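Work through the exercises below with the model open. Try each task before reading its solution.

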Amino acid sequence: MAVHEECGVFGVMGTKKENAADLVYYGLYALQHRGQESCGIVVNDDGVFSSYKDLGLVSEVFSKDTLAHFPMGNMAVGHVRYGTTGGNTRNNCQPLEVNHQKGKMADGTYVAASESCALSAVGAEFIRDVLPGEILVFTKNGVE
């Protein structure tokens, strides 16, 4: 299976609860050129996921009212889709979230994105590229 890297991804993990959905929105807006088929955001509020995703551009899918309905949280991820497989339907919108049981910035917030332009859009500092096959694990003690 070939690797497809057309889509855009933006994630954030902060040290405190904040308006993570707004931060992800601006990151996705900067990554809009990576995919214009659909977009979505998932916010983690102490293990409870809140998500919204739909077909269309970031500015069309996420109104101020839609963003206001997300809870405060310290983790969130967003995705803009460039369809490489599957149809152009809402079922193929990402990010995908699953239910589970609850168990890169100056203030210590970590942000990861598929391109550095999204980091600039939210005032984050570029530190380095993620290597092919590398997995970043964000913990309370830093990045592994």
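**Ground rules.** This is a predicted model: local features need pLDDT of at least 70, side-chain atom pairs count only at pLDDT 80 or more, and totals for chains, interfaces and linings use all residues. Numbering starts from 1 along each chain as its sequence is written, and side-chain values use heavy atoms, with hydrogens and water left out.

**Exercise 1.** Classify Tyr52: buried, partly exposed or exposed?

*Solution.* Start with the cut-offs: buried means under 20% relative accessible area, exposed over 50%, partly exposed in between (1.4 Å probe, protein chains only). Tyr52 has a relative accessible area of 31%, so Tyr52 is partly exposed. Now take Phe62. Its value is 3%, so Phe62 is buried.

**Exercise 2.** Find the aromatic pairs around Phe62 and assign their geometry.

*Solution.* Rings of Phe, Tyr and Trp (its six-membered ring) pair if their centres lie within 6.5 Å; planes under 30 degrees apart count as stacked, over 60 as edge-to-face and the rest as tilted. The whole structure holds 4 aromatic pairs. In one of them, Tyr52 and Phe62 sit 5.9 Å centre to centre with 70° between the planes, an edge-to-face pair. Tyr52 lies in strand β3 and Phe62 in the loop between α2 and α3, so this pair ties together parts that are 10 residues apart in sequence. Helices (H or I, at least four residues) and strands (E, at least two) are DSSP runs, numbered from the N terminus. Next, Phe62 and Phe70: the centres are 6.5 Å apart and the planes are at 40°, so the pair is tilted. Phe70 is buried, as is Phe62.

**Exercise 3.** Which residues touch the most other members of the largest nonpolar core?

*Solution.* A nonpolar core is a set of buried Ala, Val, Leu, Ile, Met, Phe, Trp, Tyr and Cys residues joined through side-chain atoms within 4.5 Å. The largest one has 24 residues, and Phe10, Ile41 and Phe62 touch the most other members. The largest share, 6 residues, comes from α1. Buried residues of α1 include Leu23, Val24 and Leu28.

**Exercise 4.** In what order do the strands of the open sheet run?

*Solution.* Two strands pair if DSSP finds at least two bridges between them. β1 pairs with β4 over 7 bridges, antiparallel. Val12 has Ala76 as its bridge partner in β4. β1 also pairs with β5 (110-113), antiparallel, over 4 bridges. β2 and β4 are joined by 7 bridges and run antiparallel. The order of the 5 strands is β3-β2-β4-β1-β5. β3 (48-55) and β5 are the edge strands, each pairing on one side only.
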